[in-house]
Amino acid sequence: MTTGSADPVEAVGVAPAADPGFLQRYGATIEYILIPGAALVGALATFGLFVALFGKNPLDLYFYMYQGAFGTWFSWQNTLTRAAPLILTALCTALPAQLGMVIIGGEGALLIGALSATSVALAMPWASPLVVQTAMVCAGVIGGGLWITLAGALRQYRGVNETISSLLLVYIGLAVLNHLVEGAMRDPASLNKPSTREIGAANMIGSIPGTDVHWGLAFGLVAAFASYILIYHTVFGFSARVAGGNIRAAKIVGLGVNKLILTICFLAGGAAGIAGMVEVAAVQGRTNANLAAGYGFTGILVAFLARHNPLAIIPVAILLGGISASGGLLQRRLGLPDASVLVLQGIIFVFVLASDALYGRIGFLKGKS
Amino acid sequence: MEFGRISRRHLLQGGAALTLGTAFGAGAARAAGTTIGFVYVGSRDDYGYNQAHAQGAAALKKLPGLKVIEEEKVPETDAVEKTIESMINLDGASLLFPTSFGYYNPHVIKMAKKFPKLRFEHCGGLWSDKDPTNAGSYFGYIDEAQYISGIVAGYSTKSGKLGFVAAKPIPQVLRNINAFTLGARLANPKATTQVIFTGDWSMPVKEAEATNSLIDQGVDVLTCHVDGPKTMVENAARRGAMVCGYHVNQSPLAPKAYLTGAEWNWEALYPKFVKMIAAGETIPNFYRGGLKEEIVKCSPYGEAVSAEARKHADDIKAKLVAGNYTIFKGPIMDNKGNAVITSGTDRGQTDPELEKMNYLVEGVLGATS
């Protein structure tokens, strides 16, 4: 029995007919924007309910979140500063994901990158700032890169699960950092806060002119765009995605899978290593235990929310940077505990993961042929 | 164009903050209508370091005309700079208490330079004359209170074995361990203190393991120097051992097992600071004191403390309050047999040599590295 034009099936059947070419071409892209967007709205609404249970007005909540994250020029800078390291550490998870690997050790690569960068800066006190800074970037990339390459090599040559090994390498990295900072590299003047000597004010990379946002943001944007081009517009990236889709097929067609995996791991670790270098050269000025601030772990969340797309990482990192920037205002104005921000991050994560099931199932976006 | 509008609004806000700052700097009744910002590195109900500061903040909330805003779990990265700026820009804070030791260099220094009209009071005793004069760093000689705890512990132990769960072998921690042991040996010359370093400020699992392992070795009175003594106190009490607290009064966690404890007295110091500002007095940039200056205090004795112990401890406390008692009075040997303070040398509380302490005194079982 027919229900006329209200029949959803018929309505869906009609819509693509209006402009099948457009939807066929852009349907998937629209999905990529629409579904995470809806998941985000759903998560925010759920968080509003959660906050209402504590007797706070959800509208106040949304207002303060907006104000703290994007409401003023200061808030924007706050958000972007927090987003900068997240873009880089998210790449550490997103790049290996192209090959089907789950690397969650960005924090370790960040620490080792920071330690390497500090070491070279301290080893060349005679050099001009530009030389020192260039050497620090290289050292950060190499240090962080080799750290994650280690996880990749363990997987390819020894059959060790890369998720576990990269996570354990975080703790080894932290132990190495603490060992050196409290021992061989310790500045004798850092009595109660063991730290290395300072790299010197002249060697600091400072902020992007006209803002308070440090250069880490520029590094992040460049790395994200470069990764996007590498993955989607080069033969190397295509090979990586083929290997990620089906590793046996990749081997059969003669792709050097080992080389692909090690290279991608190196680049991934290198990105997180730059984040560590930036923390030293733009923020802390030296290496100490403060560097283990969890950027590497938040980066995992960013990468998964962005579905491992290097370009999508940028807005997602800004979103999470904004949430953490507004977290302070929620504590101060609404008296919410700090953990409420973690609750929101968790809710967003669950909604985005659950929304994965919707891809390819939204009828009107299917370009029927 | 949207940015332009935000920029202008921000300028207006910046102007307002500046006016507020000027009013704060010049007006006579400066404390009235002042907003005070507190930043904590952990959660403010940790029964430890951060709760001690939150109790100080709570004391300020009771004073008329003050607005106190708080933010917890702010890491020692540029996040603390952004939190401080956010408190200034969005809430108009003009007096800031960034309370964690690791906030000072470079973050508090940077903010004090950026906002020269506002006042920054940091906990840690790190100010030096190179630093901005609108920044101050205060700290307390809490080893005096640890010394009193040691006396009580020396009387209370049956096995003569005391335990100390410590974070890192840095001068402040070593000084507490040594003062505790010297106090205990005043009461019981054969007492020993077994120390276990957990490696970091907040390691609940390691703290629990250390507590259990100390008790397994026959230790029957424990104390600690970690950020949150809750784990040690609860685990020790459950195992039937007695405890001396640290940072705040933990007797609600273990009413039977709690002997006494070394507490911060920020609820006395912070109102004092605000009154000094209101009266137009300058707070010394480097501000320190012990029991005499009421910056530290001892927890009230628990019911298990004998009359003899109370009398001895009260006696020494009275001498410390009167300012005519030296804890680090030669001869003092370290636990490797070297004379670290020679006979006839008195190292009074303000002696800078004590700030560099790198040894454990005779009677401590353990090593600094």
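This report describes a predicted model of a complex of chains A and B, from its confidence values to selected features of its helices and backbone.

## Model and conventions

The structure is a predicted model, in which local features need pLDDT of at least 70 and side-chain atom pairs count only at pLDDT 80 or more, while totals for chains, interfaces and linings use all residues. Residues are numbered from 1 along each chain as its sequence is written, and chains are lettered from A and ligands numbered from 1 in the order in which they are written.

## Confidence

The predictor assigns the complex an ipTM of 0.83 and a pTM of 0.86. For chain A the mean pLDDT (the predictor's confidence in each residue, from 0 to 100) is 89, with 93% of residues at 70 or more. For chain B the mean is 90, and 91% of residues reach 70 or more. In chain B, residues 1-32 have pLDDT below 50, and this stretch has 32 contacts in the model beyond near neighbours in sequence. Two residues are in contact if their C-beta atoms, placed from the backbone, lie within 7 Å.

In chain A, pLDDT stays under 50 over residues 1-17, for which the model has 9 contacts beyond four places in sequence. Helices (H or I, at least four residues) and strands (E, at least two) are DSSP runs, numbered from the N terminus.

## The interface between chains A and B

In the interface, 20 residues of chain A are in contact with 30 residues of chain B. On the side of chain A, the elements that give two or more residues are α4 (73-97), α11 (257-284) and α13. The largest share, 5 residues, comes from α13(A). By class, this side of chain A has 8 nonpolar, 9 polar and 3 charged residues; Ala, Val, Leu, Ile, Met, Phe, Trp, Tyr, Cys and Pro count as nonpolar, Asp, Glu, Lys and Arg as charged, and the others, Gly among them, as polar.

Helix α13 (residues 310-334) of chain A and helix α3 (residues 78-91) of chain B have axes that come within 10 Å and cross at roughly 55°. That angle makes α13(A) oblique to α3(B). Axes are lines fitted to C-alpha atoms, for helices over the stretch in contact, and angles run from 0 to 180 degrees between N-to-C directions. Angles under 35 degrees count as roughly parallel, over 145 as roughly antiparallel, 65 to 115 as roughly perpendicular and the rest as oblique. The contact joins A:Ala325, A:Gly328, A:Leu329 and A:Arg332 of α13(A) to B:Lys82, B:Thr83, B:Ser86, B:Leu90 and B:Asp91 of α3(B). These residues comprise 3 nonpolar, 3 polar and 3 charged.

## Helix packing within chain A

Helix α13(A) also packs with α4(A), at an angle of about 135° and with the axes 7 Å apart. The two helices are therefore oblique to each other. Residues in the contact include A:Leu86 and A:Ala90 of α4(A) and A:Leu320 and A:Ala325 of α13(A). By class, the contact has 14 nonpolar, 6 polar and 1 charged residues.

A:Leu320, in helix α13, has 25 C-beta neighbours inside 10 Å and so counts as buried. A residue is buried if 20 or more other C-beta atoms lie within 10 Å of its own, exposed if 12 or fewer, and partly exposed in between, with C-beta atoms placed from the backbone. Not counting residues up to four places away in sequence, A:Leu320 touches A:Leu86, A:Thr298, A:Leu301, A:Val302 and A:Gln345.

## Features of chain B

Helix α8 (residues 230-238) of chain B is mostly covered, with 7 of its 9 residues buried. These buried residues pack against β6 (161-166), α7 (204-216), β8 (221-225) and β9 (242-247) of chain B. After α8(B) comes B:Gly240, with a positive phi near 90°.

Strand β9 of chain B contains B:His247, a residue other than glycine with a positive phi near 75°. B:His247 counts as buried because it has 26 C-beta neighbours inside 10 Å. B:Lys73, likewise not a glycine, has a positive phi of about 55° and is placed in the loop between β2 (66-71) and α3 of chain B. The peptide bond from B:Asn105 to B:Pro106 is cis, with omega near 5°, and B:Pro106 lies in helix α4 (residues 104-114) of chain B. Another cis peptide bond, with omega about 0°, joins B:Gly330 and B:Pro331.
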